[in-house]
Amino acid sequence: MIEETIRSFLAERLDVPVRLSVPTPAPARFVVVEKTGSGYEDGIHSATIAVQSYGPAATSHDGTLDAAKLNELVKAAMQDADNLPQLVRCDLYSDYNFPDTTRKRPRYQAVFGVVHY
């Protein structure tokens, strides 16, 4: 599973929990890796991976700023993901503020295109 490969890769590089779903109870800061799409052609797999960076719940902008900073750390780490033996390519498609309105938590999301074996 490519999402487990990416989760493990990020867990080794970030100082926050990295999960495949939102943990319960949720820590102040954490990252969630989710595969949102995939493809297969000529023996090569591709996947769209969304990495969500959560900041602490706060009434001020501090939580949003913390989520944004964590998002920057995720993007920096993912620049090296194509060094994994399973990956051919890892490209950042987009990143943006993506508040979690259900949990009332600040969150950023970075979306990557990954080509893998």
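This is a predicted model: local features need pLDDT of at least 70, side-chain atom pairs count only at pLDDT 80 or more; totals for chains, interfaces and linings use all residues.
Helix H1 covers residues 2-13. At 1.5 Å a residue, its twelve residues should span 16 Å. The end C-alpha atoms lie 17 Å apart, which agrees. The buried residues of H1 are Ile2, Glu3, Thr5, Ile6, Arg7, Phe9 and Leu10. An α-helix has 3.6 residues a turn, so residues three or four places apart point the same way. The buried residues of H1 pack against strands S1 (18-19), S2 (30-41), S3 (44-54), S4 (87-97) and S5 (107-116), and against helix H2 (62-78).

The largest nonpolar core holds 23 residues. Those with the most contacts inside this core are Ile6, Leu10, Val31, Ile49, Met78, Leu87 and Phe112. Two or more core residues come from each of H1, S2, S3, H2, S4 and S5. Beyond its neighbours within four places in sequence, Leu10 contacts Val18, Val33, Val51, Val74, Ala77 and Met78.

On the surface, Ile44, Val88 and Tyr117 form a nonpolar patch. Together, the three residues have about 290 Å² of accessible area. Ile44 belongs to strand S3. Its relative accessible area is 31%, so Ile44 is partly exposed.

Asp100 sits in the loop between S4 and S5. This residue counts as buried because its relative accessibility is 3%, under the 20% cut-off. Leaving out residues up to four places away in sequence, Asp100 touches Tyr54, Arg105 and Arg107. Asp100 and Pro85 are 15 residues apart in sequence, yet their C-alpha atoms are 33 Å apart in space.

Eight salt bridges are counted. One of them joins the side chains of Arg13 and Glu12, at 3.4 Å from N to O. Arg13 is partly exposed at 43% relative accessibility, whereas Glu12 is exposed at 62%.

Asp66 and Arg29 also meet in a salt bridge, at 2.9 Å from N to O. Asp66 lies in helix H2 and Arg29 in the loop between S1 and S2, so the pair ties together parts that are 37 residues apart in sequence. Asp66 is buried, with a relative accessible area of 19%. Arg29 is partly exposed, at 24%.

Asp95 forms a salt bridge with Lys75, with the closest N and O atoms 3.1 Å apart. This pair links strand S4, which holds Asp95, to helix H2, which holds Lys75, across 20 residues of sequence. Asp95 is partly exposed at 27% relative accessibility. Lys75 is buried at 16%. Salt bridges with shared partners join Glu72, Lys75 and Asp95 into one network.

Note on methods:
Residues are numbered from 1 along each chain as its sequence is written. Side-chain values use heavy atoms; hydrogens and water are left out. Helices (H or I, at least four residues) and strands (E, at least two) are DSSP runs, numbered from the N terminus. The expected span of a helix is 1.5 Å times one less than its number of residues. Buried means under 20% relative accessible area, exposed over 50%, partly exposed in between (1.4 Å probe, protein chains only). Contact means heavy atoms within 4.5 Å. A nonpolar core is a set of buried Ala, Val, Leu, Ile, Met, Phe, Trp, Tyr and Cys residues joined through side-chain atoms within 4.5 Å. Patches are made of residues with over 30% relative accessible area and no salt bridge: like charges are joined within 9 Å, nonpolar side chains (Val, Leu, Ile, Met, Phe, Trp, Tyr) within 5 Å. Accessible areas come from the Shrake-Rupley method with a 1.4 Å probe; for residues, only the protein chains shown count as cover. A salt bridge is a side-chain nitrogen of Lys or Arg within 4 Å of a carboxyl oxygen of Asp or Glu.
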